[in-house]
Amino acid sequence: QLRPVESGGGLVQPGGSLRLSCAAPGFTLDYYWIGWFRQAPGKEREGLSCISWSAGNTKYVDSVKGRFTISRDNAKNTVYLQMSSLKPEDTAVYYCAAVRKSPSILSRLCQLSDAYYDSWGQGTQVTVSS
């Protein structure tokens, strides 16, 4: 079973940028939705962005639109989340998740609810603080 591996978290100052990576060793992502989620202490897990790998469709939650960008690198079989203009409230553990979909579903817009995803990474900590 596919097991995403996140990397790229760390400590960054407010207003700074960070790029997270999500790799899937041993798998090709042609038939997957890939989503980025985060969970802050005491809060529920929140869907941030997702991408339908083959179709390239993307979706963002309103709180990160214009600040976060999801992208994919076919050659590296990796999904990225470029985060800019970071705020202290962006501090959380960030997770990458994946779910395999049929070709007919892949052409549709991916979903940001964690209920749609069945493979999860271990998470990477992002801390925004001065």
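This report describes the disulfides and the nonpolar cores of a predicted model.

## Disulfides in the structure

A disulfide is a covalent bond between the sulfur atoms of two cysteines. Searching the whole structure turns up two disulfides. When the bonded cysteines are counted along the chain, the pairing pattern is 1-3, 2-4.

## The C22–C96 disulfide

C22 is joined to C96, with an S to S distance of 1.9 Å. This pair links distant parts of the chain: C22 is in strand β3 (residues 18-23), while C96 is in strand β9 (residues 92-100), and the two cysteines are 74 residues apart.

The torsion about the S-S bond of C22 and C96 is about -70°, so this disulfide is left-handed. Both cysteines, C22 and C96, are buried.

## The C50–C110 disulfide

The other bond is formed by C50 and C110, whose sulfur atoms lie 2.1 Å apart. C50 belongs to strand β5 (residues 46-52), and C110 sits in the loop between α1 (103-106) and β10 (119-120); the pair therefore ties together parts that are 60 residues apart in sequence.

About the S-S bond of C50 and C110 the torsion is about 90°, so this disulfide is right-handed. C50 counts as buried because its relative accessibility is 0%. C110 also has 0% relative accessibility and therefore counts as buried.

## The largest nonpolar core

In soluble globular proteins, nonpolar side chains tend to be buried together. The largest nonpolar core of this model has 27 residues, and the members that touch the most other members are I34, V79, L81, M83 and Y94. Strands β3, β4 (32-39), β5, β7 (68-73), β8 (78-83), β9 and β11 (124-128) each supply at least two residues of this core. The most comes from β9, which gives four residues.

I34 can be looked at in more detail. Leaving out residues up to four places away in sequence, the residues that I34 touches include L29, S49, I51, I70, V79, A97, A98 and Y117.

## A second core

There is also a second, separate core, made of eleven residues. Among its members are F37, L106, C110 and Y117.

How values were computed
Residues numbered from 1 in each chain as written. Predicted model: local features only at pLDDT ≥ 70, side-chain atom pairs only at ≥ 80, totals over all residues. Heavy atoms only, no water. Disulfide = S-S within 2.5 Å. Buried < 20%, exposed > 50% of the residue type's maximum accessible area, 1.4 Å probe, protein only. Core = buried A, V, L, I, M, F, W, Y, C linked by side-chain atoms within 4.5 Å. Contact = heavy atoms within 4.5 Å.
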